[in-house]
Amino acid sequence: MGWIDELIEAEFASGKDPPKDPPEERKSKIKKLIREELNKNPVLSNVLRENKAEGKFIKEYTDKIIRHGWSDRTARENIYYNINSECPIDLAFTW
């Protein structure tokens, strides 16, 4: 069984919605995901640090995800895709 099958089984096998995290815990998880992906992309990370904008980027991106109400899986996919895209610096300037 692959990791995606395990994820689907864990979240949906019971027929119930997965439990919701408290808002502060959810924000913390999203920020952690963003930081992890930024660490994998030194170009974007360095641009943000040099411009003293890393904290603001993480906060704004987290708020955007919360505002859209994305699930953890969708948020994770969005973060991975955007930060590792071919134009990561464009992302930093458009948030």
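Colleague: Let's start with helix α5. How many residues apart are Glu77 and Arg73 there?

Modeller: Glu77 and Arg73 sit 4 residues apart in helix α5, so about one helical turn separates them. This is a predicted model, by the way. In it, the two side chains form a salt bridge, 3.4 Å from N to O.

Colleague: Nice. Why can side chains like that pair up at all?

Modeller: Side chains with opposite charges can pair when their charged atoms come close.

Colleague: And are Glu77 and Arg73 buried, exposed or partly exposed?

Modeller: Glu77 is partly exposed, at 45% relative accessible area. Arg73 also counts as partly exposed, with 33% relative accessibility.

Colleague: How many salt bridges does the count come to?

Modeller: The count comes to 7 salt bridges. One of them joins Lys29 and Asp72, whose closest N and O atoms are 3.2 Å apart. That pair links distant parts of the chain: Lys29 belongs to helix α2 (residues 23-40) and Asp72 to helix α5 (residues 72-83), 43 residues apart.

Colleague: What about accessibility for Lys29 and Asp72?

Modeller: Lys29 is partly exposed, with a relative accessible area of 37%. Asp72 is partly exposed too, at 29%.

Colleague: Which residues are linked with Lys29 in a network?

Modeller: Arg26 and Asp72 are linked with Lys29 in a network of salt bridges.

Colleague: Is Lys40 buried or exposed? And Glu37, buried or exposed?

Modeller: Lys40 counts as exposed, at 58% relative accessibility, whereas Glu37 is buried, with a relative accessible area of 9%.

Colleague: Let me step back. How many helices and strands does the chain have?

Modeller: There are 6 helices and 0 strands. Reading from the N terminus, the elements run α-α-α-α-α-α.

Colleague: OK, what holds the middle of my picture? Which residues touch the most other members of the largest nonpolar core?

Modeller: That core has 13 residues, and Ile34, Leu38, Phe57, Tyr61, Ile79 and Ile83 touch the most other members. Helices α2, α3 (42-50), α4 (54-68) and α5 each supply at least two of the core residues. The most come from α4, which gives 4 residues.

Colleague: Pick one of those. What does Ile34 touch?

Modeller: Not counting residues up to four places away in sequence, Ile34 touches Phe57, Ile58, Tyr61, Thr62, Ile79 and Ile83.

Colleague: New topic: loops. Where does Lys52 lie?

Modeller: Lys52 lies in the loop between α3 and α4. It has a positive phi of about 50°, although it is not a glycine. Lys52 is also exposed, with a relative accessible area of 78%.

Colleague: How much of the contact list joins residues 24 or more positions apart?

Modeller: Among contacts with a separation of 6 or more, residues 24 or more positions apart account for 65%.

Colleague: Last one. Where does pLDDT stay under 50?

Modeller: Residues 13-17 stay under 50, and the model has 2 contacts for them beyond four places in sequence. Where pLDDT is low, the predicted coordinates should not be read in detail. Over the chain, pLDDT averages 79, and 71% of the residues score at least 70.

Definitions and conventions. Residues are numbered from 1 along each chain as its sequence is written. This is a predicted model: local features need pLDDT of at least 70, side-chain atom pairs count only at pLDDT 80 or more; totals for chains, interfaces and linings use all residues. Side-chain values use heavy atoms; hydrogens and water are left out. pLDDT is the predictor's confidence in each residue, from 0 to 100. Contact means heavy atoms within 4.5 Å. A salt bridge is a side-chain nitrogen of Lys or Arg within 4 Å of a carboxyl oxygen of Asp or Glu. Buried means under 20% relative accessible area, exposed over 50%, partly exposed in between (1.4 Å probe, protein chains only). A nonpolar core is a set of buried Ala, Val, Leu, Ile, Met, Phe, Trp, Tyr and Cys residues joined through side-chain atoms within 4.5 Å.
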